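Hello,

Here is the structure for your files. My notes follow below.

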Amino acid sequence: MKAAAAMLVFVASSVCAALVAGFAFGGLSTPLAWGTLGVGAVAGFATWRLVPSGQRRTPNAWDILMLVIFGLVSLRAFLWLIYAVGDEWRILSPNNLGDISLHLDLIRYLAGGVGFWPDSPILAGTSLVYPVGMDLFNALLALVGVPVERGLVWVGLGGASLAAWALWRWGRAFALAAILFNGGFVGFLVFQTGQITDFQNAVAWKNFFLSMVVTQRGLLFALPAGLFLLDAWRQEFFRSEFGVPAWVCFLLYVAMPLFNVHAFLFLSLVLACAFVVVPARRKFLLAFVGAAFLPATVAVYFVSGRFAASSGLHWAPGWMADGWAFWFLNFGISLPLLLLLAVRIIRKPDPETVCFAGTGLAVFLLCFLVSFAKWEWDNTKLFLWAWITCTPFLWQMIARWHPAIRALVCFLLFFSGAVSLLGGLDARHGYKLASRSELATTAKFLADVPLGDTIAIEPNYNHPVILLGRPVLCGYEGHLSSHGLDYRASYDALQSVLQRKPGWQKILPTLNARWLYLQGPPPTLQPIPHPHELPH
């Protein structure tokens with residue numbers, strides 16, 4: 001308990017201190033990185049001294065088994081998160097090719113001394129729209145000498161370790177299984193095909209570990225920190241077993257938008273529900289949320305591009321459903337179990353179950369009716385929190401059933417996800433991200449280009465200019481769209497130039513970029529004259 005709290009506070013304090021330093025000094029540097037990490041270390045040590053150990057919980061055989069499986073899976077996923085084979089940088093999972101490219105871009109961009117709040121490195125002329133907390137922490141590590149690729153692996157392993165502890169503390173073995181093996185019935189295709197693969201990658205309800213924990217780097221902090229807060233509030237409001245200092249919960253809560261806005265939204269909904277069902281703590285909750293309102297709003301203000309990012313909020317009944325088979329293949333018995341849990345809450349409500357499972361069930365229903373982003377699949381980022389929060393209460397219900405029924409339910413609930421997890425971590429996988437020699441050549445090629453100059457490139461997700469952290473006119477279209485950026489005009493103008501469409505010479509000077517880089521071979525770099533620089 002003490003060590004986990006200390007590590008979470010260390011990361012949150014380092015990132016918050018780095019933001020303050022970035023604003024105060026116009027960007028980050030190696031001395032500032034050492035200083036902000038030092039602030040985090042002091043805060044972490046203070047947390048370790050002040051947080052109580054809490055009631056000791058002894059894992060049973062199932063807990064130990066699931067912790068071992070989670071550890072082995074995490075080692076496989078993060079030791080090979082990004083790795084070198086000859087002249088190539090490779091990625092284990094195809095789910096992570098686009099995501100890891102964006103994170104490499106952000107880490108090197110933030111470590112390059114860019115002023116705060118930074119402009120977007122993937123769309124010139126706009127503010128950065130992304131919860132950069134985890135990438136900012138890796139940028140601090142890079143500034144103090146940790147190679148970026150190695151830092152990604154270390155932080156991934158550390159975050160996975162904290163997540164395993166937090167999941168076990170929140171819902172024991174069942175919660176660990178729920179995030180490793182979530183799924184429906186599509187994985188039963190293994191009996192038809194005879195092949196173990198990630199069957200869920202082709203459907204909407206994907207394996208959470210592969211699609212979220214490995215790819216969404218903000219969850220490396222948000223998942224353990226969010227579960228830590230949920231457990232602390234459970235003990236504080238309903239069980240009175242121990243008390244985490246309020247300032248620790250406050251820091252983790254207000255820092256959460258910097259890492260994962262969906263986690264912050266879900267935690268806020270839990271607090272709102274607690275205000276309703278725990279009258280005795282309303283004064284405390286008003287003070288807590290009131291004090292957190294300004295710093296948390298400021299954090300949301302910046303990660304949303306000063307509230308400029310388009311949310312894409314729209315009515316979407318049925319979520320991504322395409323016929324009744326969708327529910328059967330994607331969710332299997334998950335939804336019937338959650339429905340049974342809802343009936344149980346209605347028939348025998350108790351404040352703790354209503355606060356946590358009730359919030360989770362309400363978010364589930366809301367996400368089936370409303371899409372919170374342009375890309376409807378992004379609702380999964382809320383589904384994850386709803387699902388994990390319900391797990392202890394689901395198990396309380398299932399544990400009362402006959403052992404044979406209980407075993408059958410767990411098999412049907414987790415088999416598909418287990419098959420997908422095995423397939424997704426298959427040793428035969430490995431996908432080329434970039435050529436190491438091309439990255440080195442491109443770095444030398446751009447050595448004389450000022451770090452802040454915008455470069456127009458072919459907008460590929462793994463373009464070497466992007467992987468080196470240089471700001472570009474337009475990055476990968478999938479990232480631009482998912483971030484809710486208004487990119488179409490710049491993107492179309494860039495394509496006209498790259499494809500040499502009629503009139504491209506007149507369009508080139510209007511691009512909001514200083515250089516045009518073409519990979520070749522051979523690569524070429526030419527300055528882009530601005531309109532006022534052209535001869536009359």
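Is Ser127 buried or exposed? Ser127 counts as buried, because its relative accessibility is 16%. Buried means under 20% relative accessible area, exposed over 50%, and partly exposed in between, with a 1.4 Å probe and protein chains only.

Before the rest, the ground rules. This is a predicted model: local features need pLDDT of at least 70, side-chain atom pairs count only at pLDDT 80 or more, and totals for chains, interfaces and linings use all residues. Residues are numbered from 1 along each chain as its sequence is written, and side-chain values use heavy atoms, leaving out hydrogens and water.

Ser127 sits in the loop between α4 (97–111) and α5 (133–143). Helices (H or I, at least four residues) and strands (E, at least two) are DSSP runs, numbered from the N terminus. Leaving aside residues up to four places away in sequence, Ser127 touches Trp117, Pro118, Asp119, Ser120, Gly305 and Arg306. Contact here is heavy atoms within 4.5 Å.

Next, helix α3 (residues 61–79), which holds Val68. Val68 is partly exposed, as its relative accessible area is 45%.

Last, the sheet. Three strands form an open sheet in the order β6-β7-β8, with mixed pairing. β6 (455–456) and β8 (524–527) are at the edges with a single partner strand each, so one side of each lacks a neighbour in the sheet. Strands pair if DSSP finds at least two bridges between them. β7 (residues 515–518) runs antiparallel to β8 over 4 bridges. Leu516 stands opposite Gln526 in β8.

Best wishes
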